[in-house]
Amino acid sequence: MEKRIVTLASGQFGDLSLEELCRQAKEMGYEGLELATHAHFSVQKALEDDSYIPHVWETLRKYGLECKAISAHLVGQCVGDVWDERLDNFAPDAVKGKPEEIRAWAIDEMKKTAVAAKKFGVSVVNGFTGSPIWARWYSYPQTTKEMIDSGFALIKELWSPIFDVFDENGIKFALEVHPTEIAFDYYTTKRLLDEFEWRPTLGLNYDPSHLVWQGVNEVAFLREFSSRVYHVHMKDVKMFDNEMAGILGSFLEFGDTRRKWNFVSIGHGDVDFDGIIRELNAAGYTGPLSVEWEDSGMDRKWGATESCEYVKSMNFYPSDVAFDSALSRK
């Protein structure tokens with residue numbers, strides 16, 4: 001079985017230059033980076049500056065690092081969302097506050113991202129799709145079936161032309177199933193894949209942390225969709241026994257100890273990583289295990305270093321012999 005490398009998602013390290021991130025990632029023990037397009041991989045430069053991609057690879061290889069995927073979460077969110085002022089944080093200055101112009105920019109940018117990914121030499125782009133119906137997840141005021149149907153139909157309409165460009169360039173899109181996305185749990189993920197008729201372009205960036213706090217079994221989910229897992233985020237979440245808190249977060253910031261749950265450094269939470277590795281082995285997954293480090297209560301470098309060590313310790317492979325085979329009589 002091909003070795004799975006342990007990589008670091010760069011989005012949470014956007015305050016560091018690529019050079020400094022590579023240096024720190026190497027020190028922390030990582031074997032590669034998942035480069036975020038909002039932080040360490042410029043789609044525009046990749047397409048317009050012939051020296052840019054060689055420079056990125058030179059910097060990575062200087063520190064013995066690989067890159068198997070790039071991520072475009074912020075741009076993808078702008079494709080399918082209903083605008084509010086928060087989306088302006090993800091968009092260029094020229095289109096801020098202009099909902100249709102933001103969407104048009106995002107669609108064009110996602111198409112360009114597929115072209116840039118091919119030019120860069122990776123085959124997977126991770127990201128979000130956004131959702132025109134997320135605000136209607138709770139059925140009051142009453143949410144009709146027609147509203148939900150139209151939401152899924154709109155996502156198909158918006159993303160199909162993007163996926164056409166992905167196909168032209170041999171790139172897969174790995175959706176991170178996540179609250180605020182059109183697919184946020186088991187049933188919505190199945191419905192989305194059905195909506196696209198299980199188009200091979202569309203797969204998953206599997207992140208168990210977003211499932212656990214919702215009460216979805218992360219291992220069963222992985223088993224069900226293992227054939228569509230194109231990338232894996234290793235991220236942990238801890239549930240707290242606080243009878244005054246609910247899973248909706250109470251408008252308390254991440255890291256606030258009064259919350260019902262918080263993202264935590266890997267190994268400090270409730271995600272069944274042992275079960276996940278066993279399912280990935282059963283599925284024959286050989287892609288990266290990408291640490292997406294998010295823990296507001298822990299020093300970033302200390303936690304990311306510990307997380308790398310933890311994932312490496314859990315990154316075991318299937319046996320090539322049955323444990324009880326020696327018990328049979330010849």
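Student: Contact means heavy atoms within 4.5 Å. With neighbours within four places in sequence left aside, which residues is Val-115 in contact with?

Tutor: Leu-47, Val-165 and Asn-169. Before we go on, this is a predicted model, where local features need pLDDT of at least 70 and side-chain atom pairs count only at pLDDT 80 or more, while totals for chains, interfaces and linings use all residues. Residues are numbered from 1 along each chain as its sequence is written, and side-chain values use heavy atoms, with hydrogens and water left out.

Student: Where is Val-115 found?

Tutor: In helix α5, residues 99-120. Helices (H or I, at least four residues) and strands (E, at least two) are DSSP runs, numbered from the N terminus.

Student: And why does Val-115 count as partly exposed?

Tutor: Because its relative accessibility is 33%. Buried means under 20% relative accessible area, exposed over 50%, and partly exposed in between, with a 1.4 Å probe and protein chains only.

Student: How far apart are Val-115 and Lys-260 in space?

Tutor: 42 Å, C-alpha to C-alpha. In sequence they are 145 residues apart.

Student: New topic. How many residues does the largest nonpolar core have?

Tutor: It has 92. A nonpolar core is a set of buried Ala, Val, Leu, Ile, Met, Phe, Trp, Tyr and Cys residues joined through side-chain atoms within 4.5 Å.

Student: Which element gives the most to this core?

Tutor: α5, with nine residues. The residues with the most contacts inside the core are Leu-33, Leu-35, Leu-60, Met-110, Phe-120 and Trp-159.

Student: Take Leu-35. What is it in contact with, close sequence neighbours aside?

Tutor: Leaving aside neighbours within four places in sequence, the partners of Leu-35 include Leu-18, Phe-41, Val-56, Leu-60, Ile-70 and Phe-120. Ser-10, His-40 and Ser-71 are also among them.

Student: What does UniProt place at residues 23-313?

Tutor: The feature "domain: Xylose isomerase-like TIM barrel", from an unreviewed entry. UniProt positions are in the numbering used here, feature names are shortened, and annotations may be inferred rather than shown by experiment. In the model, that span is 43% helix and 13% strand. Its end C-alpha atoms lie 22 Å apart.

Student: On to pockets. How much space lies in the largest pocket?

Tutor: About 1,700 Å³. On a 1 Å grid over the protein atoms alone, a pocket is an open set of points where a 1.4 Å probe fits, with protein on both sides within 12 Å along at least five of seven lines; lining residues have an atom within 4 Å of a point. A volume is the space filled by probe spheres set on the points, and points are joined across faces, edges and corners.

Student: How does the lining of the largest pocket divide?

Tutor: Into 23 nonpolar, 15 polar and 12 charged residues. Ala, Val, Leu, Ile, Met, Phe, Trp, Tyr, Cys and Pro count as nonpolar; Asp, Glu, Lys and Arg as charged; the others, Gly among them, as polar.

Student: What volume has the second largest pocket?

Tutor: About 360 Å³. Of its 17 lining residues, Thr-37, Val-43, Val-75, Trp-105 and Glu-109 are the closest to its centre. α2 (43-48), α4 and α5 are the elements that give two or more residues to this lining.

Student: Back to Thr-180. What is its phi?

Tutor: Near 85 degrees, a positive value in a residue other than glycine. Thr-180 sits in the loop between β5 (172-175) and α7 (186-195). Its relative accessibility is 29%, so it counts as partly exposed.

Student: Which residues does a cis peptide bond join?

Tutor: Tyr-140 and Pro-141, with omega about -10 degrees. Pro-141 lies in the loop between β4 (124-127) and α6 (145-168).

Student: Last pair. Is Arg-228 buried or exposed?

Tutor: Arg-228 is buried, because its relative accessible area is 10%. Arg-228 lies in the loop between α9 (218-225) and β7 (229-234).

Student: And Gly-297, buried or exposed?

Tutor: Exposed, at 69% relative accessibility. Gly-297 is in the loop between β10 (289-291) and α11 (300-314).
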